[in-house]
Amino acid sequence: MTQAKSLRRVRTALLAIALAAASSLAQAAETIKVGVLHSLSGTMAISETSLKDVALMTIEEINASGGVMGKQLEPVVVDPASDWPLFAEKARELLTRDKVDVVFGCWTSVSRKSVLPVFEELNGLLFYPVQYEGQEQSKNVFYTGAAPNQQAIPAVEYLMSEDGGGAKRWVLLGTDYVYPRTTNKILRAFLKSKGVAEADIWETYTPFGHSDYQTIVAKVKEFSAGKPTAVVSTINGDSNVAFYKELGNQGIKAEDIPVVAFSVGEEELRGIDTKPLVGHLAAWNYFMSIKSPENKSFIDKWKAYVKKAKLPGGDSRVTNDPMEATYIGMHMWKQAVEKAGTTEVDAVRKAMAGQTFKAPSGFTVKMDEKNHHLHKPVFIGEVQSDGQFQIVWKTKGPIRAEPWSPYIKE
């Protein structure tokens with residue numbers, strides 16, 4: 001082979017590599033990357049896996065309707081594995097390596113607080129879909145779950161009322177991290193403002209993954225003697241399975257000591273025998289049992305996606321509040337991008353103000369123009385034997401979120 005032929009071959013090979021790289025870049029430019037940051041393993045997988053699934057369903061739905069600004073959405077899914085420092089590491093990779101334009105993710109407040117400095121440093125955009133303790137507001141986060149005045153406070157007011165059983169004594173039981181502790185700090189101050197004595201409030205916590213609730217449930221029974229008592233549960237993750245099982249084992253019925261949960265919905269009850277739990281409560285901004293055309297459409301899309309994607313659980317898969325919040329957030333982000341005409345974070349942030357969406361709850365929800373929180377309705381539901389909830393109380397319409405509680409000073 002002559003030197004000239006050899007050089008021609010090298011040039012041809014280099015040209016082919018360059019063309020392939022250019023083609024790859026062009027193809028990448030034709031998609032908009034969306035980060036999905038949820039635990040698919042570890043103690044929080046019981047709750048977060050369904051949020052990854054509904055995010056992929058929504059991306060598929062948006063793509064089928066023409067995408068965003070004519071471009072298809074490309075999901076980038078990562079698993080922080082219920083490891084809070086790993087959430088921050090994965091968030092940084094999504095923003096710097098994968099170059100995503102937005103991230104939908106996190107469940108626990110400790111995971112959100114872990115990633116928050118990353119999003120603020122890199123000017124990323126996070127949509128957080130789960131109820132939380134408030135006392136936070138960031139220009140880099142849109143909070144599509146409930147603030148305390150959209151869940152915790154209404155739930156306690158209901159249990160204090162005659163319809164809710166007129167509770168006089170309170171057990172504040174949670175997993176040991178920021179969301180339960182801050183929420184219970186707010187609730188303790190709220191209860192005292194209503195005249196509840198310190199001796200009538202018992203507050204206790206267990207670690208993530210805790211599975212032995214025999215002693216705690218026995219103490220609840222003992223504490224309840226003499227006064228109508230309610231349990232406010234901020235237990236998170238798979239510990240709920242053990243807690244509810246122990247309630248059944250010790251024969252605690254809702255008419256004796258009602259439990260209202262803020263982190264238990266249809267998905268968490270899916271693997272539990274719910275017959276002993278009938279009548280216990282949950283407070284959310286959405287239940288699968290809501291009757292509305294929008295919810296029927298949402299459920300039908302979900303069931304079709306479960307079947308198509310052959311998701312584990314099949315026909316037993318359900319919808320729940322954080323799934324609805326994820327769905328709302330993704331559609332609002334799409335609307336804001338198309339209003340701004342770009343995925344650039346500062347422009348999208350501005351366009352998000354005042355965005356509305358007819359939610360599966362049947363209400364039109366709105367992103368507040370100032371505080372990055374949704375105006376949402378509130379529902380309280382009783383557990384039914386089939387794992388669904390019968391709605392026993394609801395607000396007349398959406399409630400504006402109060403990120404900063406008036407009951408504590410910080």
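Author: A term first: helices and strands here are DSSP runs, numbered from the N terminus. By that numbering, asparagine 236 sits in the loop between strand E8 (229-234) and helix H8 (239-249). The model is a predicted one.

Reader: What makes the pairing of asparagine 236 and tyrosine 177 a polar contact?

Author: The cut-off for a pair of N or O atoms is 3.5 Å. The side chains of asparagine 236 and tyrosine 177 are joined at 3.2 Å, so the distance passes.

Reader: How do you know that the length of helix H11 agrees with its number of residues?

Author: The expected span is 1.5 Å times one less than the number of residues. For the 20 residues of H11 (residues 321-340), that gives 28 Å. The end C-alpha atoms are 28 Å apart, so the two values agree.

Reader: What makes H11 "mostly covered"?

Author: Of its 20 residues, 16 are buried.

Reader: Why are glutamate 338 and lysine 334 called a salt bridge?

Author: The limit is 4 Å from nitrogen to carboxyl oxygen. These side chains meet at 3.1 Å, N to O, so the pair qualifies. The two residues are four apart in H11, which puts about one helical turn between them. Residues three or four places apart in an α-helix point the same way. Lysine 334 is buried at 16%, while glutamate 338 is partly exposed at 36%.

Reader: How many salt bridges does the whole structure hold?

Author: The search finds 23. One of them joins lysine 308 and glutamate 60 at 3.1 Å, N to O. That pair links distant parts of the chain: lysine 308 is in helix H10 (residues 293-309), glutamate 60 in helix H2 (residues 45-64), 248 residues apart.

Reader: Why do lysine 308 and glutamate 60 get the labels they do for accessibility?

Author: Exposed means over 50%, and partly exposed lies between that and the 20% limit. Lysine 308 has 59%, so it is exposed. Glutamate 60 has 33%, so it is partly exposed.

Reader: What makes aspartate 200 and lysine 227 a tie between separate parts?

Author: Their side chains form a salt bridge of 2.8 Å, N to O. Aspartate 200 lies in the loop between helix H6 (178-193) and strand E7 (201-206), and lysine 227 in the loop between helix H7 (214-223) and E8, so the pair ties together parts 27 residues apart in sequence. Aspartate 200 is buried at 8%. Lysine 227, at 34%, counts as partly exposed.

Reader: How do you know that E11 and E12 pair?

Author: Pairing needs at least two bridges. Three bridges join E11 to strand E12 (residues 364-367), so they pair. The two run antiparallel. Threonine 356 stands opposite lysine 366 in E12.

Reader: Which strands of the open sheet are called edges, and why?

Author: The order is E11-E12-E13. Strand E11 (356-358) and strand E13 (374-375) each have a single partner strand, so one side of each is left without a neighbour in the sheet.

Terms used
Residues are numbered from 1 along each chain as its sequence is written. This is a predicted model: local features need pLDDT of at least 70, side-chain atom pairs count only at pLDDT 80 or more; totals for chains, interfaces and linings use all residues. Side-chain values use heavy atoms; hydrogens and water are left out. Buried means under 20% relative accessible area, exposed over 50%, partly exposed in between (1.4 Å probe, protein chains only). A polar contact is a pair of N or O atoms within 3.5 Å; within protein, one must be able to donate a hydrogen and the other to accept it, and residues adjacent in sequence count only if both atoms are side-chain atoms.
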